[in-house]
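Me: Please take a close look at the part of this model where the two chains meet, and describe it in one connected account.

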Number of protein chains: 2
Amino acid sequence: MMRRRVFLQGAAAAGAVALLPRRGMAAVTPKEIYTQVEKRHAEALARLQAWVRQPSIAAENRGMTEGRDLTMRLLREAGFTKVESVATSGHPGIFATLDAGAPRTIGLYFMYDVKQADPKEWSSPPWDAAVVDMPRLGKAVMGRGAVNQKGPQSAFLSAMHAIRGAGKKLPVNLVLVAEGEEEIGSPHFAQIVSRPNVQAALKRCEGIFMPSAGQGLDRTVTIALGAKGVIELELVASADTWGRGPKKDVHSSNRARVDSPAWHLVQALSTLVTPAGDPGIDGLFDKVRPISERERGYLDDAARRIDEKVAKQSLGVERWARDASWRQALEDLAARPTVNIEGLVSGYTGPGGMTILPHRAAAKLDLRLVPDMTASDTLAKLKAHLAKRGFGDLAVNMTGGYDPNTTSPDARLTVAEIKVYERAGIKPILVPRSGGSWPGYVFTGEPLKLPAGHFGLGHGQRAHAPDEYYLIESSDGKLFGLDAAVRSFVDYLYELA
Amino acid sequence: MMRRRVFLQGAAAAGAVALLPRRGMAAVTPKEIYTQVEKRHAEALARLQAWVRQPSIAAENRGMTEGRDLTMRLLREAGFTKVESVATSGHPGIFATLDAGAPRTIGLYFMYDVKQADPKEWSSPPWDAAVVDMPRLGKAVMGRGAVNQKGPQSAFLSAMHAIRGAGKKLPVNLVLVAEGEEEIGSPHFAQIVSRPNVQAALKRCEGIFMPSAGQGLDRTVTIALGAKGVIELELVASADTWGRGPKKDVHSSNRARVDSPAWHLVQALSTLVTPAGDPGIDGLFDKVRPISERERGYLDDAARRIDEKVAKQSLGVERWARDASWRQALEDLAARPTVNIEGLVSGYTGPGGMTILPHRAAAKLDLRLVPDMTASDTLAKLKAHLAKRGFGDLAVNMTGGYDPNTTSPDARLTVAEIKVYERAGIKPILVPRSGGSWPGYVFTGEPLKLPAGHFGLGHGQRAHAPDEYYLIESSDGKLFGLDAAVRSFVDYLYELA
């Protein structure tokens with residue numbers, strides 16, 4: 001839920017890229033594996049379709065057991081030798097290993113849950129995983145989870161099948177952790193990673209990555225050297241905790257003599273931002289680490305290479321907040337903490353009006369954190385801020401969240417990633433961190449302190465939205481389809497080895 | 001929608017009252033009519049049931065033609081000689097007259113629409129109009145519109161049937177106006193009343209009343225000498241009008257660089273109230289007329305006779321706004337303007353969270369007005385207030401509303417009302433005005449300047465809520481059932497004559 005490659009939204013073409021491997025790419029990858037990738041195209045497509053057809057929605061507690069079991073089966077079929085379910089206080093995770101007898105071990109982070117989907121909003125049913133023709137793009141699998149994250153994850157598994165199909169052993173050992181609650185803010189992921197056997201296995205890793213579809217519609221690939229942290233919460237005003245206002249919705253004429261939890265919430269909310277709409281929570285910026293010179297350089301480069309107009313168009317915005325420049329907007333996305341309203345809900349929400357005084361009002365908020373802010377400290381500051389201003393009665397129900405994470409551009413994981421992309425003709429855009437979030441802190445933080453990030457060619461869009469897709473056969477010479485994505489994972493493993 | 005007898009909520013018993021007509025009541029009403037009322041009990045019940053079984057919901061544009069046609073038929077059957085549909089820019093109204101050759105003419109206000117109903121929430125289906133047994137109350141018709149307003153209105157029509165059944169002519173001439181949009185704020189009611197033929201007929205009236213079920217659960221009857229005015233509106237912040245923020249929902253990480261219509265709305269809203277939650281709109285109190293000494297007297301009496309504890313319990317409140325006394329809370333309800341939040345809606349409103357930055361946020365507000373405030377002046381003040389503070393971009397969509405109304409306690413209409421109630425053993429509680437609203441201003445204002453109010457014995461509750469009911473056969477010696485309600489209308493007409 002938290003993790004979106006938002007930098008890619010509307011990023012513009014940054015020069016032509018070649019679809020086929022460039023000279024030198026084959027230097028590390030045995031050619032017979034590419035042959036296997038092509039030969040196993042239908043099998044790889046079927047693997048993705050089968051996965052999408054199994055809904056697994058943590059937010060709705062739907063298909064979770066089936067989704068986990070199918071994921072475990074797919075891991076076993078791909079060659080993982082030890083595949084276990086890991087119990088948590090919520091939905092279970094998965095821990096899997098493959099010992100190839102290789103000198104190096106690489107970690108993988110998977111998710112087996114997907115976002116909700118309302119079939120009414122889709123042009124092709126979200127659980128059909130149909131192959132559809134997309135104008136100017138080619139053939140794509142359309143369905144919930146197609147790109148977030150079953151497409152890239154199945155492409156990684158298909159890379160493992162191709163390597164084995166070519167009669168090769170994996171060039172690296174693998175340690176995989178998967179969770180089923182990514183879309184609800186990974187509330188129990190730390191429980192999975194902190195298990196002694198999982199920790200021990202992860203300690204052997206050089207780093208950990210999540211397969212992703214890295215290529216945007218503009219053909220660029222962005223590498224985020226970390227991600228913002230997040231806390232997601234509901235702020236609730238009600239008579240029950242306030243001791244004022246009605247315990248149920250009453251006729252609105254009573255407003256003259258009865259307090260209003262909705263106004264109480266509005267007044268509390270209005271203290272959380274400055275007049276300009278920026279975070280106004282006491283002390284929120286205390287721990288913000290300024291971005292470094294090197295990070296400034298990345299942002300300068302990104303501002304030159306990503307098209308501002310396309311970005312604005314894709315987001316449907318006419319101007320940036322604070323009328324910032326494009327360069328500043330990119331820095332804000334990477335380096336500015338936020339307090340966002342995801343939703344407001346109180347009383348009557350249908351068409352027209354209804355003369356009630358609601359007994360309850362809630363705001364759904366997310367706060368994005370940058371180093372060295374932490375989720376727990378930020379939550380404490382929010383609560384203290386509210387209490388100080390007479391809003392200590394509001395319920396602050398945190399539903400998920402975690403600290404920010406950072407990975408060095410000098411980590412072997414990152415260096416190898418850049419190398420593979422460049423061999424495919426793509427000069428990736430580096431940014432200090434993603435504006436979105438993922439729970440990489442469990443890897444980058446104490447005690448593991450591993451590099452962690454995303455890797456993968458391939459293209460897909462509309463995660464969390466209707467008509468989510470993952471490109472299978474590209475009709476655009478500069479966009480990568482399924483086979484190229486599978487090849488990129490093969491190359492990455494050989495490069496890392 | 002606007003009009004609720006909110007004073008009755010939780011008002012407590014004010015001494016024993018007798019169910020049967022007291023000595024002296026028959027002084028004005030021919031006894032054979034009472035016999036007819038009893039004889040025609042089944043017919044009166046069937047009339048109400050047939051009416052409830054025809055849903056007619058303006059907010060959903062459901063059954064409006066059928067509802068109007070049925071109402072017109074019921075009016076004709078009761079003896080109205082001229083019954084016409086009156087076109088408006090919205091749903092049509094009804095204009096009906098009955099010339100009994102009497103010296104005096106009385107006006108009636110009816111509504112033929114009802115509030116929405118969700119059958120899932122009802123213990124007996126809302127369109128079944130089943131007769132149900134209610135513990136400690138007796139037999140009641142349960143259904144949407146049972147008390148608001150088909151029960152009292154059908155009881156009035158049954159009074160007409162009883163008078164005719166006894167071989168009598170009506171003691172007064174009648175002029176009736178009905179609308180089908182009461183529950184959506186009467187947006188076109190003035191169009192009906194201002195028609196030249198309707199105006200001419202209303203000019204002949206001494207006053208106008210709406211049949212109502214006046215008796216609360218505590219057996220008291222309250223007479224409101226007017227009602228607050230109201231404006232109901234939606235305040236909407238969106239990129240379309242603001243020129244900032246996204247034109248569609250985008251990923252919430254973009255909050256760092258994209259403005260938020262939801263925060264913009266929250267900030268605008270927070271200026272509309274004082275820290276105590278009272279109206280803070282510039283100049284809103286300029287035209288508030290202080291209550292008079294006589295009105296203070298009514299409130300003193302009401303505070304003595306209505307039980308505060310029961311009122312608090314019924315509303316589910318522990319303390320009044322501003323920690324007011326009971327006497328002050330009653331005065332606030334009658335005399336304090338309000339700005340109320342009926343609903344808040346923006347972005348994701350389901351369970352848990354969803355990491356989006358919504359492109360739109362709306363607050364549904366109602367403002368209650370006291371004399372000499374007007375709806376148009378209040379709306380202008382709200383808009384000026386917002387514009388002055390940099391929120392002039394917010395859409396202010398007024399969906400309905402009208403001015404307050406006042407009727408003198410010395411009007412014959414009121415004097416007769418008190419007399420009929422007292423003959424039935426009830427000493428009514430007078431209040432300066434209802435905290436709720438009804439469009440009586442079209443009668444009390446220029447050019448008609450008629451007394452206007454509500455009249456009727458009978459009991460029912462849960463208007464706008466599930467399990468709305470109207471009492472048919474009372475098992476409580478002090479609560480009036482259908483026949484007593486019908487008799488009260490007969491008595492009122494004779495008293496007015």
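Reply: In this predicted model, S12(A) is joined by five bridges to strand S12 (residues 338-347) of chain B, and the two strands run antiparallel.

Chain A is superposed on chain B by a rotation of 180 degrees with 0.1 Å of shift along its axis, at an RMSD of 0.1 Å. The two copies are thus related as by a two-fold rotation axis. Within chain A, the C-alpha nearest that axis belongs to Val345(A), at 2.4 Å from it. Of the interface residues of chain A, 100% are also interface residues in chain B, so the copies meet through the same surface.

As to extent, 81 residues from chain A and 81 residues from chain B take part in the contact. Between them, the two chains bury about 6700 Å², with 54% of this area on carbon and sulfur atoms. Three residues, Arg257(A), Trp263(A) and Leu344(A), supply 13% of the area that chain A buries against chain B, which is more than any other three residues.

Several elements of chain A give two or more residues to the side that touches chain B: the helices are H8 (261-270), H10 (308-315) and H11 (326-335), and the strands are S11 (250-251), S12 (338-347), S13 (356-357) and S14 (360-369). By class, this side of chain A holds 33 nonpolar, 27 polar and 21 charged residues.

Four salt bridges are counted between chain A and chain B. One salt bridge links the side chains of Lys247(B) and Glu318(A), with an N to O distance of 2.8 Å. Over all chains, the structure holds 69 salt bridges. Among them is a pair in chain A, in which the side chains of Asp332(A) and Arg322(A) meet at 3.1 Å, N to O.

S4(B) pairs with strand S5 (residues 138-142) of chain B in the antiparallel sense over five bridges, and Asp133(B) stands opposite Lys139(B) in S5(B).

Most residues other than glycine have a negative phi, and most peptide bonds are trans. Arg136(A), however, has a positive phi, near 65 degrees, and is found in the loop between strand S4 (130-134) and strand S5 (138-142) of chain A. The peptide bond from Asn148(A) to Gln149(A) is cis, with omega near 20 degrees, and Gln149(A) is found in helix H4 (residues 146-165) of chain A. In chain B, the peptide bond from Glu446(B) to Pro447(B) is cis, with omega near -5 degrees. Pro447(B) is placed in the loop between helix H14 (441-444) and strand S18 (452-455) of chain B.

Methods: Residues are numbered from 1 along each chain as its sequence is written. Chains are lettered from A and ligands numbered from 1 in the order in which they are written. This is a predicted model: local features need pLDDT of at least 70, side-chain atom pairs count only at pLDDT 80 or more; totals for chains, interfaces and linings use all residues. Side-chain values use heavy atoms; hydrogens and water are left out. Copies are superposed by least squares on the C-alpha atoms of residues with pLDDT of at least 70 in both. Contact means heavy atoms within 4.5 Å. Buried area is the accessible area (1.4 Å probe) that two parts lose on being put together, summed over both. Helices (H or I, at least four residues) and strands (E, at least two) are DSSP runs, numbered from the N terminus. Ala, Val, Leu, Ile, Met, Phe, Trp, Tyr, Cys and Pro count as nonpolar, Asp, Glu, Lys and Arg as charged, and the others, Gly among them, as polar. Two strands pair if DSSP finds at least two bridges between them.
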